[in-house]
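Here's a quick briefing to read with the model open beside you. Let's go through it topic by topic.

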Amino acid sequence: MQLNRIEVSGFRGIKRLSLMFDELTVLIGENAWGKSSLLDALSIALSPDAKFYNFKFSDFHVDYTAGHTKMTQLQIVLHWKEDYPGEYKLRKYKCFAPIWVEGNEGIKHLYYQVDSIVKDDKIINHRAFLDHNGQIIDCDDNDKLARQLMILHPIVRIRDARRLRTEPVRSNGNGNGNGHNEKINAENTRIQRRLENTCERLMTRPGHVSPEEIKSSINALRTLVDHYFAFTPHNRSTEFNRAHFPVRAQYAINPLEQLTQPQMTKQGRLVLMGLLNAFIRARGPVELKRISRPIMILEDPEGRLHPTILHQAWSFIMNMPMQKILTTNSPDLTSVVPLHTIKKLIREPDRTHVYSILPKRLSRDEERRVTFHVRLHRPNALFARAWLLVEGETEVWLFNEFARICGYNLAAEGVQIIEFAQSGLKPLIKVARSLGIEWHLVADGDLAGKKYADTVRNILGTEAERHRLTVLPNRDIEHFLFNNGYEPLFRRLANIPHDTQVPPKKIIMRALKRHAKPDVALAMVEYTDEDNIEEIPLLLRWILKRIVAMSRGVS
C-alpha cells in the first residue's frame, strides 16, 4: 500500500493544497510557499511514535489576503491505495476490512482524515475514515485503526545533510517490552553508538580512521540494515514478485553493496553510512516494527554536500525500498531525478498550486531534448518564475546585458533566458506550462521565425498574442539593431567606411565573419552607453519590462 494523495486545508502556511505522490516525489518551490507545512502535516498524521497530535491555535492558517483572518478549521486527508490487487488480504492489513473502499480495476482505497475546529475558544480534534464521497465511515475502532496506520507507514523525516552529523543516541526501549525485545534494542543502540563514533571520526579526523575500522563499522551496520530494511519481499517466488510487488520492492539494492565497493571513497562511505544511520535515528525513540514500511522524507540533502558526494548519496537514496519525498533547492539534483517526479509548489491567493509534468506529457525525444539542453546546461531553469525564449546565442548575451544596463537583475527576478533552437520550441512550452512557469517568445522576422510565431499562435487559445509573442520587424536581431542605431558599430566591425554604399546584409555578414557572435554581442553592449538607456531600442526595453512583470505576477 502506498500514499497516493494528500489534501490539506487551513493548516499553518497552507490555505488549500492537493498533492499526488509517486514512489519518488521531489518538491521544489520558493521559501514560504508551503513545503514545510506540507511535511509537518504528514509528520503529524503519520507520527512514528503512533501518538495523536493535539492541534494548537498557532496551527490554524492565517489568511493575509483577507485582513489577517485566522481560519477556525483545518483538515488533513490522506488517500492510500493498494500496490497490487489483493494486497488488502495480507495479515497486516486485515484490520482495515471495515474501511476499505472499492476502486477501479479491483484496487482498494483507504481515506484517513484528521481535522480540527475552534469552537467556543476550544480546539476540538477528530479522526475518521471516509468513503469515496468524503462521508465518514461509521467505525468503532477509528483510533485503533489510525494508530495501526501510523505503525505500518510512519513518516521518517531526515532534515538536511547537516543532520548527518552525529547526535546523542536515545535508547529505544521504553521499559514495557519483554526481555528479548529489550535485549535487541540495547544491542541496536550499542551498534548505533559504534557507528556514530566512526562517522564522527571520519568527519573530523579522516586520516585516523583505518580501513579495518570502516569495514568493522559496515559489518556492524549490517545488523541495523537487516532489522530496519527489507530489500526484497520475503518467502515469495520471483514470478510472484514481478506480478504483484511494486518496483521499489522488486529491484531495491541493499546499500551495503554500495558501501563495500572498493572504489568508494572515505567521504562517499561517510555519506552513505550517515544517511543510513540518520534514517534509523530519525524514526525517534520508538522501535519500528518489522512489518513497517516507512515513508522517508529527506529535506534539502544538498546542504553542505559537494555535488559529487551529493550524486553518490542520490544513487543510494534512489534505490531505497520505500516511498520517498525529497525537498531540494539544488539544480544539480533536479537535473538527475526523473522529470515527472518533480512537483513545483506555487502559492496563489486562494491556494498553494502544485505543478508537475505528467508522465507521457513529453515524447521520449522531447524529454531527451529538454533534459540535455535545459536540465543539464541550464539546471536553474526549472526553479525560474519566467522564461524568455530566444532563437540564438546572440539574443542570450544581448538580453542579459541589456537587462543589466536597464537596472534589472534577471537572476533575482527569477527570469531565465533560454535558447530554444536546439531543444525545440514545443517541448519547452509544454514544460513551462506544466510547471507554472511564465514564458514569452522573441522570434526573428525571417521564414523560420514566422513558423515559430505560428506555433505559438496555434496554442495561445484565448490568451493575448502580445502577452506571449514578439516578432522582430527584421529578419534577425542583427538586422533589427542595424536599423535601430547600431549601423556605425556594424560598419566598424566589418571594416567598411560609413560613406561606402553597401547593403546592410553584406555589412552584417562581414562583421559576423570577422568576429565570433559572442564578441559581436559584447561589442553591441559596449557600444550602448550605460548612462544612456534610451540607446537600447524601445522594443527590446519593452520585452525586458514585459518578462520581468510576468515574473512578478503582473499580467
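**Charges over rings**

Arg127 sits over the face of Phe52, 3.8 Å from the ring centre. Keep in mind that this is a predicted model.

- Lys108 lies over the face of Tyr88, and here the distance from the ring centre is 4.8 Å.
- Tyr88 also turns up in a ring cluster, linked through ring pairs with Tyr93, Phe96 and Trp100.

**Aromatic pairs**

- With ring centres required to lie within 6.5 Å, the count comes to ten aromatic pairs.
- One of them is Tyr93 with Trp100, an edge-to-face pair at 6.3 Å centre to centre, with 80° between the planes.
- Phe96 pairs with Trp100 too: the ring centres are 6.3 Å apart and the planes stand at 80°, so this pair is edge-to-face. The cut-off behind that call is over 60 degrees.
- Trp100 has a relative accessible area of 12% and is buried, because the limit for buried is under 20%.

**Helix α17 against helix α19**

- At what angle do the axes of α17 and α19 cross? Helix α17 covers residues 477–494 and helix α19 covers residues 517–527; their axes come within 10 Å and cross at roughly 95°.
- That angle makes the two helices roughly perpendicular, because the range for that label is 65 to 115 degrees.
- On the α17 side, the contact involves Glu478, Leu481, Gly485, Tyr486, Pro488, Leu489, Phe490 and Leu493.
- On the α19 side, the residues they meet are Lys517, Val520, Ala523, Met524 and Tyr527.
- Sorted by type, the residues of this contact are ten nonpolar, one polar and two charged.
- Glu478 and Lys517 are both in the contact and both belong to residue types that count as charged.

**Thr352 in strand β14**

- Where does Thr352 sit? You'll find Thr352 in strand β14, which runs over residues 351–356.
- Thr352 has a relative accessibility of 1%, so it counts as buried.
- Which residues does Thr352 touch, not counting those up to four places away in sequence? They are Arg16, Leu17, Trp33, Leu345, Ile346 and Arg347.

Terms used. Residues are numbered from 1 along each chain as its sequence is written. This is a predicted model: local features need pLDDT of at least 70, side-chain atom pairs count only at pLDDT 80 or more; totals for chains, interfaces and linings use all residues. Side-chain values use heavy atoms; hydrogens and water are left out. Rings of Phe, Tyr and Trp (its six-membered ring) pair if their centres lie within 6.5 Å; planes under 30 degrees apart count as stacked, over 60 as edge-to-face and the rest as tilted. Buried means under 20% relative accessible area, exposed over 50%, partly exposed in between (1.4 Å probe, protein chains only). A charge sits over a ring if NZ of Lys or CZ of Arg is within 6 Å of the ring centre and within 35 degrees of the ring normal. Axes are lines fitted to C-alpha atoms, for helices over the stretch in contact, and angles run from 0 to 180 degrees between N-to-C directions. Helices (H or I, at least four residues) and strands (E, at least two) are DSSP runs, numbered from the N terminus. Angles under 35 degrees count as roughly parallel, over 145 as roughly antiparallel, 65 to 115 as roughly perpendicular and the rest as oblique. Contact means heavy atoms within 4.5 Å.
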